[in-house]
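Please look over the structure shown below. The briefing that follows goes through its pockets, cavities, salt bridges, surface and backbone.

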Amino acid sequence: APGMRFERDAQSQPGDATSVPQITPITPSYVLEQKAIREQTADDTVRTLFGTPEPYRIGPGDILSVVVWDHPELVLPTATYAILGGTTGISIGDSAAGIPGYLVSADGYVQFPYIGMVRVAGMTELEARDLLLRGARDHIENPQITLRILGFRSKRIYVEGEVKTPGSVAINDVPMTLMEALNRTGGVLPTADRSQINVTRGGQTIRVSLPDLLRRGLNPSSIALQSGDIVRVVPREESKVFVLGEVTRPTTMVLRDGRLTLNEALGEAGGPNQATADSSQIFVVRSNAQARPEVYHLDARSASALAVAENFELKPKDVIFVDAGDLVRWNRFITLLFPSAQTVQTIRTIN
C-alpha cells in the first residue's frame, strides 16, 4: 500500500540493530514526571546567570576625566572644569578623538601630571580617585579631585537575532542585565520567540524563557550579563512542529511563547481523520543530538487520552504522525490494483 507508515522495528542506521527507536508510551505518570524534571532543570540552569550588579570597573581603552579643582594647569588643554554632561559607550571601530580625557593604556595605566604612571585598571571611579588623591598630596596642598569615566570602551556584550538594532552594546555605569541589553537594542521584534533567548558565556549556551520566568515569579532583570556575553534572540520560525499522516489538515505550526501541547497541535490540524486514521497509533517523533529518533506513542482510541495529550509538551522540530488503519491500507492497495488488472483484462480481450 502507498503512503508513509510507522514501523516499530525500522532501523534508523541500516544494519545496526541498536538503532531501532525506543518507543515511550505517553501516560499520565510519564508527562507529570517530565514536567517536574523540565521545570527543575530550567530553574537550575537559568539561576546560574543570576547575579548582583557590581560597580563598573575601569579597563583598557576607557577614557577618564580628571579635574583637580583650583589647579587649571592640570586640566587637559581640550577639557574644562565643566565635566561633560554625559558618558559615552563607544562602538567598535569608533575613534576616541572627540572625547577629551585620559586614555587608559592597554596594560591598564594612565599618566597624570606630578604623579606619573598610575595603574587604574580593575578599579571603580571612587577607588581610582582615592589613588590619585593620595599621590597628589605630595605635590598639592589639600587637593580636591573629581574623576569620572567619560568613554566606556573596555567591556561590551553582543546582541543578535530578532531585535531592532543588533550589534555590540557597551557596558557602562548602568548595570547590564538581560532586560537592559534588550532595551538598548530597541527591544525584541514581533517575529521573535521570547521563550528562546540564548545567552552564551564561556562556551556554554543557556536558554532563557521570559514567559517561563514571569510565570514562576522570577525577575528577568536578575540575569546579570558579563563582558563578552553573546545574546541571541531566536526567531519564531525556528520553533516549528509538523503534523503529518491521517489528520484532517496536515499542517506546520509555530510554538506559542515556546509552548504547544500535543492536544493543541492535533486540534489545529482538525484532529485524526475519522475515516482513515488509526487513533491508537499517534506518534511524536523527535530527533536527538546523535540524529537518532526518539518516539513517543499515544493510544487515543478513547477520547479520554486527549487529557493526557494536553500535558505532553512538544519541542521545536517535533513531528506528529497519525498512522492509517489496516483496512484503509488494504483499500488503497485494491484501488491501485484494480485499474492494473482491468488494463490486463482489456489487452487480453483485444488480442
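Is K317 buried, partly exposed or exposed? K317 is partly exposed, because its relative accessible area is 47%. The model is a predicted one. A search of the whole structure finds 18 salt bridges and two cavities of 30 Å³ or more. The largest pocket has a volume of about 980 Å³.

**Largest pocket**

- The lining of the largest pocket is made up of 36 residues, and R38, E39, R207, D212 and E313 are those nearest the centre.
- Helix 1, strand 10 (192-201), strand 11 (204-208), helix 4 and strand 16 (293-298) each give two or more residues to this lining.
- Helix 1 provides the largest share of the lining, with eleven residues.
- By class, the lining of the largest pocket holds 13 nonpolar, nine polar and 14 charged residues.

**Second largest pocket**

- The volume of the second largest pocket is about 480 Å³.
- This pocket is lined by 23 residues, and P53, E54, I171, L225 and Q226 lie nearest its centre.
- Its lining divides into eleven nonpolar, seven polar and five charged residues.

**Second largest cavity**

- The lining of the second largest cavity has eight nonpolar residues, no polar ones and no charged ones.

**Salt bridges**

- E127 and R57 form a salt bridge through their side chains, at 3.1 Å from N to O.
- This pair links distant parts of the chain: E127 belongs to helix 2 (residues 125-136), R57 belongs to the loop between helix 1 (28-47) and strand 2, and the two are 70 residues apart.
- E127 counts as partly exposed because its relative accessible area is 37%, and R57 counts as partly exposed because its value is 32%.
- R215 and D212 also meet in a salt bridge, with a distance of 1.9 Å from N to O.
- R215 and D212 are three residues apart in helix 4 (residues 210-215), so about one helical turn separates them.
- D212 is also among the residues nearest the centre of the largest pocket.
- A salt bridge joins E237 to K240, and the closest N and O atoms of the pair are 3.2 Å apart.
- E237 is partly exposed, with a relative accessible area of 49%, and K240 is partly exposed, with 25%.

**Nonpolar surface patch**

- L327, W330, F333, L337 and F338 make a nonpolar surface patch of about 540 Å².
- F338 lies in helix 7 (residues 326-350).
- The relative accessible area of F338 is 48%, so this residue is partly exposed.

**Backbone with positive phi**

- Most residues other than glycine have a negative phi.
- D70 is not a glycine, yet its phi is positive, at about 70°.
- D70 sits in the loop between strand 2 and strand 3 (88-89).
- D70 is exposed because its relative accessible area is 70%.
- K317 is not a glycine either, and its phi is positive, at about 75°.
- The place of K317 is the loop between helix 6 (305-309) and strand 17 (319-324).

Methods: Residues are numbered from 1 along each chain as its sequence is written. This is a predicted model: local features need pLDDT of at least 70, side-chain atom pairs count only at pLDDT 80 or more; totals for chains, interfaces and linings use all residues. Side-chain values use heavy atoms; hydrogens and water are left out. On a 1 Å grid over the protein atoms alone, a cavity is a set of points where a 1.4 Å probe fits but cannot get out, and a pocket is an open set with protein on both sides within 12 Å along at least five of seven lines; lining residues have an atom within 4 Å of a point. Grid points are joined across faces, edges and corners, and a volume is the space filled by probe spheres set on the points. Ala, Val, Leu, Ile, Met, Phe, Trp, Tyr, Cys and Pro count as nonpolar, Asp, Glu, Lys and Arg as charged, and the others, Gly among them, as polar. Patches are made of residues with over 30% relative accessible area and no salt bridge: like charges are joined within 9 Å, nonpolar side chains (Val, Leu, Ile, Met, Phe, Trp, Tyr) within 5 Å. Accessible areas come from the Shrake-Rupley method with a 1.4 Å probe; for residues, only the protein chains shown count as cover. A salt bridge is a side-chain nitrogen of Lys or Arg within 4 Å of a carboxyl oxygen of Asp or Glu. Helices (H or I, at least four residues) and strands (E, at least two) are DSSP runs, numbered from the N terminus. Buried means under 20% relative accessible area, exposed over 50%, partly exposed in between (1.4 Å probe, protein chains only).
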